Amino acid sequence: MRLCVYLWEGRGLGVKESYYVKLKIGKYKSKSRVLKSNENSIWNEEFVFRVCDLDDELAVSVYRYDDREHGLFGNSGGEFVGRVKIPVWSVAAEENRNLPPTWFSVERPKNVKFIDNDYVGKLLLSLSLHGGDQDHSNESKLASSNDSHSSRKIGESKHLMKSLAGRLEKLLHKKDEISTTSDNSSSEVSALSDHEDSAPEPSGNFSTFEESIELVKFSKGNNETPENLPGGILLDQTFGVSPKDLNKILFAPHSDFMTNLAELQGTTDIHEEPWKLISEEGKSCLRRAVTYTKAATKLVKAVKATEEQTYIKANNNNEFAIHVIVSTPDIPYGNTFKVELLYKIIPGGVLMSSSSGEESARLVVSWTVNFSQQTMMKGMIEGGARQGLKESFDQFSSLLSQRFKVVKDISDKDQMLANLETEHKSCLAVQYFWNFTVVSTVFMLLYVLVHIFLCGSHELKGLEFGGLDLPDSFGEIITCAVLVLQLERVYYMILYFVEATLRRENDHGIKARGDGWVLTVALIEGANLASTNSTETPDPYVVFTCNGKTKTSSVKLQTLDPQWNEILEFDAVEEAPSVLDLEVFDFDGPFDQVSSLGHAEINFLKHTSAELADLWVPLDGKLAQSCQSKLHLRIFLDNNNGVETIRDYLANLGKEVGKKLNLRSPHRNSTFQKHFGLPPEEFLVSDFSCSLKRKMPLQGRLFLSARIVGFYANLFGHKTRFFFLWEDIEDIRVLPPSLASVGSPLLEIILHKGRGLDSRHGAKVLDEQGRLHFYFHSFVSFNVASRTIMALWRTRTLEPDQKAEIEEDERDDDGGKAFLLEESGPHFVVEDVKMTKVYTMELPLNIKSLMKMFEGGELEHKVMSKSGCLNYVTATWENVTSEVQERRVCYKFSHRISIFGGEVNSTQQKSTLPNDNGWIVNEIMTLHNVPFGDHFRVQFRYQIEKSSFAHNSCKCGLYIGLMWLKNTKFEPRITKNVIGMFTRRSQEILQLVEREILLTCQ
């Protein structure tokens, strides 16, 4: 058996000078390095001992080191401070025979008289026991007891001889370095002592592969997941096997799979060295070398290759990372480069199709070429390595898939979205109705029914007669009242539940239209959402915004952990979107002062498709961060028109630039994506050679794609790279030539405040407003570069709504009005609705001037446009009767009025007051695309009459009421919200009318 001891650190040892630690178990000893004066010092050293008997004790002793003592027989062992004793059987009794890091108090022996103070301190140790069997412990114990006496004598003699030899060497070679011992010399002395005192093979070969892996898992510093190598991904597949077994199959000595792969690829003369434990930069890792002869190809003869395989990560979560360096010095230019591979094995989850809960493992293999010196053949070498590795790993993947089932990729859109179709409403119903109110009501009702059944008929009493049964006591009256109240509460709870489960928003399930880039967002659930009111549970909904378009989820009632399972699709666009903005709100009515529960921004360029396919998004904001709120999303970005979308985009862009733009080669696109770590759907539009102006000009290339502006430079191996989004740009300016730009015009790009901070190292100026300024000059063709950049910027920043507005302005106004008014509005029927008088306003206008607001002329359109009405269209007044006229009005709310937008269809009727003293205007308004908009209608009554206070003035009274078509628990809240919003809005409109009329009169 082997006992692994990890010495982490010591605290409060009370030693003012240098000190070290000795470890001993049985006849095996070792010693740590010497640490200089520090009361809280860190060793981070690992020791391995052979254990023969579980009854042995590990003794860890602390000594003070004094390098000032001289002489042939000076005390070279140091002064004893204290000791910790740990029985081996206590480690064996722990789970998995591992004792986690534990603080042990250093005990001071009573017979020691030269301790400086009473407080000794403590040591942080962790231990693990590996290999061996307890059945052989007795034999080992007997053998060790027979040899203990002789071993002790031999050890003492050897120690004395080595001590004498060291003192003689110091006396014969006295120099300045003896009096001024450095930290390095102390470490060397410590290392020498370790070599002399330690048992043989403390960190050599291991009896089994599993034992070596367990030791690496226990070692510190193996928890960081390495990034994929920049050359690209050679293999990314999930197999139906556990990560531990897959790791064993690929890297265990003399693996059958690797033997079969070697036969398939024609590899011969394979020699595998055993795995060895090494320490690098304070981390323990396994390493071995594998040599073999690669089969000859059409271009290269058979050559010898050497692989250096190193475990850089292995933990208890069954995550493994193996770094492989392949050297082929016999091929042309083989001494100038090495190929690096990174194998990452991570858990892939439990297979959905497996009833036994079978595990899966995801294997990701990436690569790169590391050049030790510059060569003109670099491009050819990289291309040849890429082609050879691709062919090799195609065979690797094919052979592995024959052995294990290949699991479908988690990022598959159809599979992921199919799981959202089924919602488990039964569990929701049980959770909702399992409360005291419902249970107690059901119990009381059953109790009463059983009582009625048992009692049967009874004789009439008091004022009762046939068919009328009155309560016989006050207790019966109270019981009936309680039962009725309980039944009423349960009734409303049932209505509330049906409304919450059956209601869907208009954006859920609507399929995307058009050809191009389609963004699909699956909103799964939320967790730990915040509440703006500590006494109420929020009613959350989510608003997604991308490329100026908005999609809204349904409202989930009274929950902090909502379950949506909704699919929202954005219509296809020509350019791939860059960013998705989302914000969570607390519903309080269709025109509420939106209470935000958190927001987030998702940059598609910083996530892979696999990450976007299953993403937990933390929300920003004070409330959200305090509650650690987050949303679970699945995002898919697809091009349903293939390469034609890119060709059409380049053709339209070429018209603006005045130059034909063609698709770049796959190699050029791949290089561009590798420079900036971009997803595979990103394609290069154009690139230009230029200089970046900073303190010193930096020559490089400016890369332009549909979504980003990127700069890349490689100056003698020092790489500078950054990129920012087109949407981040606030302004682009052309500056005249100057001496600093070597007579070349400058292109200045200014970003919005707080944007592009990842590219800050490339900016020359950060102004007072927090905006970054970038300067580019020395273009080969400045006019072509500036036109291309300006065209791309305008294309990205011009929102689809603005494009549509431009197209609509070119149409005939009359045709547009006729089209809009063909839709059927609400039929005007004045219901008996409770109308509330909200205000009466005195205006310094006559009645005729104020009624221009209802004539459909320039004044009405101007005022309504300023008040937040988009696409405002009115019909002409038509006579319904001899005294009543009617018209229809259509428009859309801006997001300033309602976060949902929303469309309005209203019917207005006007009639004169008796004696022609004024007008009454009645209006019934229907709201579309707002939550609960189909539950109610809004009714207005404007009463305009002459004012009795001033000549040539009038007063306007407004009455508002809501006509409810469906019941909802939110009726009081929505009524309050709608009336308050329209009260403020109508006052604003009348003030605008007054201002416009008075300005016209002046």
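**Close-up views of a cavity and a nonpolar patch**

**View 1. Helix H22 is the top contributor to the lining of the largest cavity.** H22 supplies five residues to this lining, the most of any element. The model is predicted: local features need pLDDT of at least 70, side-chain atom pairs count only at pLDDT 80 or more, and totals for chains, interfaces and linings use all residues. Residues are numbered from 1 along each chain as its sequence is written, and side-chain values use heavy atoms, without hydrogens and water.

**View 2. The largest cavity holds about 310 Å³ of space.** Its lining comprises 21 residues, and Phe854, Met864, Glu923, Tyr942 and Ile989 are the closest to its centre. Elements giving two or more residues include helix H21 (858–866), strand S39 (918–928) and helix H22 (971–1001). A cavity is a set of points on a 1 Å grid over the protein atoms alone where a 1.4 Å probe fits but cannot get out; lining residues have an atom within 4 Å of a point. Helices (H or I, at least four residues) and strands (E, at least two) are DSSP runs, numbered from the N terminus.

**View 3. Val442, Leu445, Leu446, Leu449, Ile452 and Leu487 make a nonpolar surface patch of about 510 Å².** Patch residues have over 30% relative accessible area and no salt bridge, with nonpolar side chains (Val, Leu, Ile, Met, Phe, Trp, Tyr) joined within 5 Å. A salt bridge puts a side-chain nitrogen of Lys or Arg within 4 Å of a carboxyl oxygen of Asp or Glu. Areas come from the Shrake-Rupley method with a 1.4 Å probe; for residues, only the protein chains shown count as cover. Helix H11 (residues 436–455) gives the largest share, five residues.

Technical notes
1 Å grid on protein atoms, 1.4 Å probe; cavity = no way out; pocket = protein on both sides within 12 Å on 5 of 7 lines; lining within 4 Å. Points joined across faces, edges and corners; volume = space filled by probe spheres on them. Patch = residues over 30% accessible without salt bridge, like charges linked within 9 Å, V, L, I, M, F, W, Y side chains within 5 Å.
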